Amino acid sequence: MIFPPGKSPHSNSGVVSTSLLILLDELIAEILSRLPVKTLMQMKCVCKSLKTLISHPFFAKLHLHRSPRNTHVLLSPIWYDAAGIHIMVVPIPVSRWLESPFEYYEPYSYRLRYFDIPNDPCYILRNMDCNHIVGSCNGLICLGGGSRSWPKHWFRLWNPVTNTLSEKLGNLTNYFRLTFGYDIINDIYKVVAFSANTVKVFSLRDNVWRDIPSFPIVPFDIHRIHCRRLVDNGVYVSGSINWLAIRDKTEYEWNDITIKQFVIVSLDLATETYRQLLPPSGFVEVPPVEPSVSVLMDCLCFSHRFRETHFVIWKMMEFGVQESWTQFLKISFQNLHIDYGIGDSLAYYAQLFLLPLCVSESSNTLVMASNQRGLIHGYHRRHAILYNWRDNKVEQIATSKQISWFNTNDYVESLVSTS
């Protein structure tokens, strides 16, 4: 029942037949499942029956299924004051970037979009006894924390829309890197802890770590030879975690790698087994810097530089099907107004590295992180790039805070519980 007897807005007399006020729960759920989360949180205060319906796990799944995807990203702004360094985690609508006012920045000849991020204590990681983002899945944000006084690490789940935060979970006494995803088959959220020789899985159903077989091929980033930390902690898509790896070698020089050594190691969170996916057949030359795996529009993506001329992004249209790799974009550096960091004579860490972050399909816009420093409001900062592939229009993004762009995560607002 949406309205109590006598309170229906469709009644002029205040007395309405009970039969006109009773709707099937399924119909009410269908209607409410299309509303924004913040509206639903307000509606929980209307009456007990609405609160019960909106709080039900089935409704949370229905609403998530109905929700538009790829609408938000999680940023990690950093700001300083007399108390020290503050790291935040802030969900930002992609539309806010696209709608922010821009200015034409001389003498560097680019358009700059600028937006402000306020100092909100609700988003400060230290206030949640955490210090970094592990990942995000279905509206749940997994945050990692640790103690300096003794080797102890944990994680917590946070839903910023429902303002719920789990207790500290998964205490570990050894250092592992963590990633986060959803076991679709068994309806369980899981955290994966991994090192070069050990892999553990923590199920949020039984709250215990279990050892599983170690990687058949060690992911690229673990050994810290030539790599960029946190770029390849593993990406979640279609019930699996995926890492870029190099066959046959754990220690190498970049110039020694051949094209046949590249592989994507995929961990199925339901079976907790691995399989190996090959890069696209169109990936035919070893680029000057490592390729990357990412997720755009709920598809596994593989991106790389091509010679000194282009940046290429491939999408796996059907997960796990090698033949479904499709070239999504091939962007010339000329169209990106980039003439730096792309020479063969440059040292490895001076080379341009781009990472796709998200896509706005409605505006034909790709957002990418860049390791090169752009001059933004008088300061040299690493920046993000907005590229409109329909109009070949390029802009840079600036904020009031320093942003760790390579730690950006996809995010969708949801009612999914942290417990």
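Q: Why is Asp183 called buried?
A: Asp183 has a relative accessible area of 0%. Buried means under 20%, exposed over 50%, partly exposed in between (1.4 Å probe, protein chains only). Asp183 is therefore buried. The model is predicted: local features need pLDDT of at least 70, side-chain atom pairs count only at pLDDT 80 or more, and totals for chains, interfaces and linings use all residues. Numbering runs from 1 along each chain as its sequence is written, and side-chain values use heavy atoms, leaving out hydrogens and water.

Q: What makes Lys190 and Asp183 a salt bridge?
A: Their closest N and O atoms are 3.2 Å apart. The criterion is a side-chain nitrogen of Lys or Arg within 4 Å of a carboxyl oxygen of Asp or Glu. The pair qualifies as a salt bridge. Lys190, at 4% relative accessibility, is buried too.

Q: What does the salt bridge of Lys190 with Glu272 tie together?
A: The N to O distance is 2.9 Å. Lys190 sits in strand β13 and Glu272 in the loop between β18 and β19, so parts 82 residues apart in sequence are tied together. Strands are DSSP runs (E, at least two residues), as are helices (H or I, at least four), numbered from the N terminus. Shared partners join Asp183, Lys190, Arg210 and Glu272 into one network.

Q: Why are α2 and α5 called oblique?
A: They pack at about 45°. Under 35 degrees is roughly parallel, over 145 roughly antiparallel, 65 to 115 roughly perpendicular, the rest oblique. The pair is therefore oblique.

Q: How do you know that Arg66 is partly exposed?
A: Its relative accessible area is 28%. Glu30, at 29%, is partly exposed as well.

Terms used
Axes fitted to C-alpha atoms, helices over the stretch in contact; angles between N-to-C directions.
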